[in-house]
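I opened this entry to look up fold, outline and core. My notes follow the model below.

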Amino acid sequence: MTAKSSFSLTDRQNAFARALVDSGRYPSMSAVVQQGLELLRQRTEAEEADVLALRDLVERRRNGRFVSADDMKDRVATMLERKRKEHGLGR
């Protein structure tokens, strides 16, 4: 299902989007905007997942045994990478 919307772009945004369409990279201005919103949705979900993961980590840390700073750094990196993979985001 699609919904019609009306919105304004800055001259710079319009020129960029138009160039993407003119180059054949996207079939329409609508497709450019849809892709931009999809990327924003994915980024927002990934950020929310990161925040939830960090909150969980802090709570477990507060209730768990002490770990060294190096061990914590490795744990956080592993957890964030796992969450990004779960959401299809490789950074």
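I count a contact when heavy atoms lie within 4.5 Å. On that basis, 34% of the contacts between residues at least 6 apart in sequence join residues at least 24 apart.

This is a predicted model: local features need pLDDT of at least 70, side-chain atom pairs count only at pLDDT 80 or more, and totals for chains, interfaces and linings use all residues. Residues are numbered from 1 along each chain as its sequence is written, and side-chain values use heavy atoms, without hydrogens and water.

I looked up the fold next. I found three helices and zero strands, in the order α-α-α. Helices (H or I, at least four residues) and strands (E, at least two) are DSSP runs, numbered from the N terminus.

Then I checked the outline. The C-alpha trace spans about 55 × 25 × 25 Å along its principal axes.

Burial came next. Buried residues (under 20% relative accessible area, 1.4 Å probe, protein chains only) make up 20% of the 91.

Which residues make up the largest nonpolar core? I noted A53, L57, V67, M72, V76, M79 and L80. Such a core is a set of buried Ala, Val, Leu, Ile, Met, Phe, Trp, Tyr and Cys residues joined through side-chain atoms within 4.5 Å. Helix α3 (69-86) gives the most to this core, with four residues. L57 touches M72, V76 and M79, leaving out residues up to four places away in sequence.

Notes: Buried < 20%, exposed > 50% of the residue type's maximum accessible area, 1.4 Å probe, protein only.
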